[in-house]
Amino acid sequence: MITFAIIDDEPGCRRMLTSIIKKTGLGEIVLSDEGNAASIHAIIARQPDIVLIDLLMPKIDGLDMIEQLKTAGYRGRFVMISQNDNKELVGEAYQLGVEFFIHKPIHAIEVESVLSYVKRQLQPSLPEMQLALAHVSHATHPHVALQRAARRTLAELGISNEAGAKDFIHAMDYLAETGSEPLSLRTLYKKMALARFSKPIDQEKEAKAIEQRMRRAVGKALTNIASLGLTDYAHPKFEYYAPLFFDFREVRQRMKEIDLDMAHSVVRIHIKKFLFALFDEANESRKGA
């Protein structure tokens, strides 16, 4: 299980972060502290996987604390909590190894998205482990390298555990054989369903289910990218993936919805754009490997 330490001088912020982590099942909190010299010793002793740390605290500066932790031998991940947008401080934080910022006031969706992504970097998903085992017999599957590259990209987008991720992985085979563009989505769904079921009625149901799973996965990826954009608009991952996989106007709309804590989204989901972008990205990644 992934472990967390929360270092923030505001008790309310610590309670909110603790509640989000527990409710979402992200992991176990092994330390919740206001931030002082004792916090450093506690982190070194307990070695949490991820440290959430406030940038500005009265007893110890967040950046100084990170530097001391790294000097003392801590090798986990850092996520910084801040309501300060000073570019110099942000740049210094990235140089020290901070991976993401969570901005105050705390937003539950942003926290879950950021921490879920960092967690996935530490803990390989079941599909990834299955793919690693399949590597032993990769010679029998002509497209295993393409699938592996696509799976890495889906993990980067934070949706490798979504049900639709498996459908996207399977779709790589069909696109590789057809050259991608000539194949319509409806034809693709039917071909994939045909490979799984023999009865026409089951094939029709599965084709619809495939579309729904893929749509949900793309929606989740969009939310993850939009949340990252709210966290750090200049983050390289956001700058690269947002326009590649989505209509950027839709990304901005989703960012606005998240910022306003809107329950329902009006953003359109473009499965075709996402699918072909994934195929092209996986192809390039495979060739460069």
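This is a predicted model: local features need pLDDT of at least 70, side-chain atom pairs count only at pLDDT 80 or more; totals for chains, interfaces and linings use all residues.
This is a short walk through a few local features of the structure above.

Let's start on the surface. Which residues gather in a patch of negative charge there? They are D64, E67, E88 and E92. As for the elements behind that patch, the ones giving two or more residues to it are α3, which covers 62-71, and α4, which covers 87-95. Let me pick out one member, E92. You'll find E92 in helix α4. With a relative accessible area of 37%, E92 is partly exposed, because that label covers values between 20% and 50%.

Staying in that part of the chain, have a look at L96. L96 sits in the loop between α4 and β5, the strand at 98-103. Is L96 buried or exposed? It's buried, at 14% relative accessible area. In sequence they are 26 residues apart, while their C-alpha atoms are 8.8 Å apart in space.

Next up, backbone angles, for those of you who like checking phi. There are two residues I'd like to show you. Q47 has a positive phi, about 50 degrees, and Q47 is not a glycine. Where is Q47? It's in the loop that runs between α2 (37-46) and β3 (50-54). Its relative accessibility comes out at 36%, so Q47 counts as partly exposed.

Then there's D261. Again we have a positive phi on something that isn't a glycine, this time about 55 degrees. D261 is in a loop too, the one between α12 (248-259) and α13 (271-288). For D261 the relative accessibility is 55%, so this residue counts as exposed; the cut-off for that word is over 50%.

Last stop, R213. This arginine is in helix α10, residues 200-231. How does R213 count, buried or exposed? Buried, with a relative accessibility of 18%. The reason is simply the cut-off, because buried means under 20%. So what does the side chain of R213 make a polar contact with? With the side chain of E206, at 2.9 Å.

Technical notes
Residues are numbered from 1 along each chain as its sequence is written. Side-chain values use heavy atoms; hydrogens and water are left out. Patches are made of residues with over 30% relative accessible area and no salt bridge: like charges are joined within 9 Å, nonpolar side chains (Val, Leu, Ile, Met, Phe, Trp, Tyr) within 5 Å. Accessible areas come from the Shrake-Rupley method with a 1.4 Å probe; for residues, only the protein chains shown count as cover. A salt bridge is a side-chain nitrogen of Lys or Arg within 4 Å of a carboxyl oxygen of Asp or Glu. Lys and Arg count as positive and Asp and Glu as negative; His and the chain ends are not counted. The place of a charge is taken as NZ of Lys, CZ of Arg, CG of Asp or CD of Glu. Helices (H or I, at least four residues) and strands (E, at least two) are DSSP runs, numbered from the N terminus. Buried means under 20% relative accessible area, exposed over 50%, partly exposed in between (1.4 Å probe, protein chains only). A polar contact is a pair of N or O atoms within 3.5 Å; within protein, one must be able to donate a hydrogen and the other to accept it, and residues adjacent in sequence count only if both atoms are side-chain atoms.
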